[in-house]
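Please keep the sequence and the structure at hand while reading.

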Amino acid sequence: LVRLRARLSRSQNTLGKGLLTLLSREHLDEETWEEIEDTLLTADVGVAPTQELVERLRERVKVLGTRTPEGLRALLREELLTLIGTDADRSVHTANGIGNGGDEIPGVVMVVGVNGTGKTTTTGKLARVLVADGKSVVLGAADTFRAAAADQLQTWGERVGARTVRGPEGGDPASIAFDAVKEGIAESADVVLIDTAGRLHTKTGLMDELGKVKRVVEKHGPVGEVLLVLDATTGQNGLVQARVFAEVVDITGVVLTKLDGTAKGGIIVAVQRELGVPVKLIGLGEGADDLAPFEPEAFVDALID
Ligand code: GDP
């Protein structure tokens, strides 16, 4: 929590503290509620969730007559948690339900998203977490579009102790993904992580490619998880991307990267609404240890404490 707080310091100041300061004003007049609304909108919480939150806060402050700093903090905490949701399954499913932990088919995780959002970095960080957890991991470098992506992934693999399966430059992503899972089976690996390419400007190509990667991998067995990587700093643009990806492949979880560099943590609420899938992991920096599970309570505490 201490680390999370340090990493989120900017978001914390602008969003959480801002809201608390406003709520603590002596007179909660119309203008103040508008400022609260603006603060939430600026943090990319989204219009509908913002209105819901403000309405609930108004109602509860009125009914309960809460005026103490502790009371207001508790109220805000509770309402932010209601907005984010605390009962979603946010675990990354690395088991495929058929066999895992030494059985014949490894759990397969596909990592998708627009190039530049942090896909390859996230794949590397996730491998590190899994390896540290005692799992054997194979990486599939199926982002054959970005020239350096396979090298970058392989470097991560070498660093964390995971074999990287790659193909020729410009090779067929689906066949690399297929080979990676085959390698995973041969090695009795626990998990295969597949990094994919994300070219948003050619939607049909992307659709064909991601769909094909998934179908081909499924010849071995089901894909346990399709993680969509979104860059938190891109705000509403990220939502547009999310929509496009959700159309082409069934997303099972979101990774929100670069939360260390933005005050727009509210995008967590907006993206969950948009996709109907939970944020599972958050990226808090470029380093190997900078991937954290998304825990609503810890996140909200870091925002307002
Ligand atoms: P890809 O094209 O989607 O595979 O993107 P990369 O993994 O190459 O990442 C793009 C850039 O974003 C790199 O410079 C990464 O170091 C950086 N990056 C990735 N995740 C994070 C994060 O959580 N925080 C910060 N500050 N930078 C990140």
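## A negative patch

Glu 34 counts as partly exposed, because its relative accessibility is 47%. Buried means under 20% relative accessible area, exposed over 50%, and partly exposed in between (1.4 Å probe, protein chains only). The areas come from the Shrake-Rupley method with a 1.4 Å probe, and for residues only the protein chains shown count as cover. Glu 34 sits in helix 3 (residues 30–42). Helices (H or I, at least four residues) and strands (E, at least two) are DSSP runs, numbered from the N terminus.

Asp 29, Glu 31, Glu 34 and Asp 38 form a negative surface patch. Patch members have over 30% relative accessible area and no salt bridge; like charges are joined within 9 Å. Asp and Glu count as negative. Each charge is placed at CG of Asp or CD of Glu.

## Basis of the model

This is a predicted model: local features need pLDDT of at least 70, side-chain atom pairs count only at pLDDT 80 or more, and totals for chains, interfaces and linings use all residues. Residues are numbered from 1 along each chain as its sequence is written, and side-chain values use heavy atoms, with hydrogens and water left out.

## Salt bridges across the chain

Side chains of opposite charge can pair when their charged atoms come close. The structure holds 18 salt bridges. Each is a side-chain nitrogen of Lys or Arg within 4 Å of a carboxyl oxygen of Asp or Glu. One of them pairs Asp 289 with Arg 128, with the closest N and O atoms 2.8 Å apart. This pair links distant parts of the chain, 161 residues apart. Asp 289 lies in the loop between strand 7 (279–283) and strand 8 (291–293), and Arg 128 in helix 6 (residues 119–132). Asp 289 is partly exposed at 49% relative accessibility. Arg 128 is partly exposed too, at 31%.

Arg 243 bridges to Glu 274, and here the closest N and O atoms are 2.5 Å apart. That pair also links distant parts of the chain: helix 10 (residues 236–248) holds Arg 243, helix 11 (residues 267–275) holds Glu 274, and they are 31 residues apart. Arg 243 is partly exposed at 40%. Glu 274 is partly exposed at 32%.

## A further pair and a network

Arg 166 forms a salt bridge with Asp 151, the closest N and O atoms lying 2.9 Å apart. Arg 166 is in the loop between strand 3 (163–165) and helix 8 (173–186), and Asp 151 is in helix 7 (residues 149–160), so the pair ties together parts 15 residues apart in sequence. Both are partly exposed: Arg 166 at 35%, Asp 151 at 43%.

Salt bridges also form a network, which links Arg 56, Arg 60, Glu 78 and Glu 79.

Glu 225 is in strand 5 (residues 225–231). It counts as buried because its relative accessibility is 0%. Contact means heavy atoms within 4.5 Å. Beyond neighbours within four places in sequence, the contacts of Glu 225 include Ser 91, His 93, Met 110, Thr 252 and Lys 280.

Ala 232 lies in the loop between strand 5 and helix 10. Ala 232 is buried, also with a relative accessible area of 0%. Leaving out residues up to four places away in sequence, Ala 232 touches Leu 256, Thr 257, Lys 258, Leu 259, Thr 262, Lys 264 and Ile 267. Ala 232 and Thr 257 are 25 residues apart in sequence, yet their C-alpha atoms are 5.8 Å apart in space.

Definitions and conventions
Patch = residues over 30% accessible without salt bridge, like charges linked within 9 Å, V, L, I, M, F, W, Y side chains within 5 Å.
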